[in-house]
Amino acid sequence: MAYVTLEKVSKDFGKTRVIDAIDLTIDNGEFVVFVGPSGCGKSTLLRLVAGLETMTGGSLTIDGVNMTDVDSANRGIAMVFQSYALYPHMTVAENITFGMRMAKVAKAEIADKLSRAARMLHLEPLLDRKPAQLSGGQRQRVAIGRAIVRDPSVFLFDEPLSNLDAALRHEMRIEILRLHKELGSTMIYVTHDQVEAMTMADKIVVLNRGQIEQVGSPLDLYLNPDNLFVAQFLGSPKINSFPTVIERIEADVAYVRLPSEVLMAMPLNGALAAAGDAVTFAVRPEHFVEASAASAVMQGVVELVEHLGSDTLLSLRTVEGTPITVRTNGVNRIRTGETMAIGLTPGNCQIFDSSGTALVRNSIQ
């Protein structure tokens with residue numbers, strides 16, 4: 001295990017800054033996921049940790065040792081790439097042990113490490129096969145095995161499941177999490193898939209345009225995002241958001257006008273706001289409530305019903321034309337064309353100011 005500290009880390013490609021003065025601490029044994037839209041800098045940041053890119057500014061330490069100018073091979077890291085990068089003419093065993101054989105590690109040690117990695121990754125029956133004889137998931141396990149035998153302080157994963165189908169991605173997520181628990185190693189994982197981020201991470205780092213938007217546990221970020229970008233990026237279907245203004249403030253309660261001419265009262269809890277301020281009101285699809293239990297009720301016509309078995313997604317449109325997505329539990333028998341009442345309670349909703357900063361947070365814990 002190792003802890004990793006980045007201080008004011010930046011990276012320029014020519015005149016373009018892709019990583020902008022990032023500060024981040026990753027604790028011993030943490031599973032940290034870098035997530036964000038394409039081009040946000042997540043893979044570049046991982047490559048800076050790996051030493052595959054040179055920093056423009058800042059410093060990197062691993063276990064308190066400055067690694068900023070240390071060669072990648074001497075940083076005590078192992079990296080698993082999106083492409084498996086296996087030698088096609090070598091067997092599974094030869095691919096896993098190639099690095100050790102090139103370093104002239106003792107044969108007994110090579111055999112011991114190979115046996116351990118093969119057992120952990122369920123590769124024992126496949127050791128004599130070549131990559132062409134393996135499935136995508138098996139090839140990725142071989143790539144992970146090649147990293148394990150290096151006994152790294154930090155594992156780095158760069159979108160390792162992107163080439164797999166949905167079923168295999170789910171299976172490999174479980175395998176990687178089991179491996180993390182068994183090894184207790186520090187792992188940094190890059191993905192554009194928010195499902196991977198939410199289900200795998202101890203800590204998520206949301207990146208946007210080379211900067212960190214928010215760091216925290218998956219549920220903290222999902223329920224209480226610091227800003228509108230994080231709120232809209234995490235969650236599928238996407239959070240419902242309605243631009244509006246604060247009509248008035250009374251006794252630390254802001255009143256905002258929503259579609260269907262609904263006036264919603266939102267406790268400010270000391271947040272600074274004024275009547276006339278432009279804000280964005282937001283509520284997740286699953287956070288609507290029964291109309292009978294609501295503080296305010298909106299109306300919408302059902303345009304699309306998506307039955308997913310475990311839940312049902314409803315696409316509604318208000319009389320003003322505002323689209324709303326609602327997630328309901330189980331099988332919902334409502335049909336397209338029907339009018340539906342959906343309820344809101346203040347504790348399930350959020351408000352973001354004109355800059356996108358959270359003004360009123362979700363109180364769900």
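User: How much space lies in the second largest pocket?

Analyst: Happy to walk you through it. Rolling a probe the size of a water molecule over the atoms shows where empty space is left. In this predicted model, the second largest pocket holds about 310 Å³ of space. Its lining has 15 residues, and Phe288, Val289, Glu290, Arg327 and Thr328 are the closest to its centre. Strands E17 (323–329) and E18 (339–344) are the elements that each give two or more residues to that lining. By type, the lining residues divide into eight nonpolar, four polar and three charged.

User: And which residues lie nearest the centre of the largest pocket?

Analyst: Those are Met79, Gly99, Arg146, Ala147 and Arg150, out of 19 lining residues. The space there is about 420 Å³. Helix H2 gives the most to this lining, with five residues. The lining comprises 14 nonpolar, three polar and two charged residues.

User: Now a helix, please. What should the 18 residues of H5 span?

Analyst: At 1.5 Å a residue, H5 (residues 166–183) should span 26 Å, and its end C-alpha atoms are 26 Å apart, so the two agree.

User: What caps the N-terminal end of H5, and what follows the helix?

Analyst: Asp165 is the cap: one of its side-chain oxygens lies 3.3 Å from the backbone nitrogen of Ala167. After the helix comes Gly184, with a positive phi near 70°.

User: Which residues of H5 are buried?

Analyst: Leu168, Met172, Arg173, Glu175, Ile176, Leu179 and His180 are. The partners that the buried residues of H5 pack against include strand E3 (31–35), helix H3 (107–120) and helix H6 (194–200).

Note on methods. Residues are numbered from 1 along each chain as its sequence is written. This is a predicted model: local features need pLDDT of at least 70, side-chain atom pairs count only at pLDDT 80 or more; totals for chains, interfaces and linings use all residues. Side-chain values use heavy atoms; hydrogens and water are left out. Helices (H or I, at least four residues) and strands (E, at least two) are DSSP runs, numbered from the N terminus. The expected span of a helix is 1.5 Å times one less than its number of residues. Buried means under 20% relative accessible area, exposed over 50%, partly exposed in between (1.4 Å probe, protein chains only). Contact means heavy atoms within 4.5 Å. A polar contact is a pair of N or O atoms within 3.5 Å; within protein, one must be able to donate a hydrogen and the other to accept it, and residues adjacent in sequence count only if both atoms are side-chain atoms. On a 1 Å grid over the protein atoms alone, a cavity is a set of points where a 1.4 Å probe fits but cannot get out, and a pocket is an open set with protein on both sides within 12 Å along at least five of seven lines; lining residues have an atom within 4 Å of a point. Grid points are joined across faces, edges and corners, and a volume is the space filled by probe spheres set on the points. Ala, Val, Leu, Ile, Met, Phe, Trp, Tyr, Cys and Pro count as nonpolar, Asp, Glu, Lys and Arg as charged, and the others, Gly among them, as polar.
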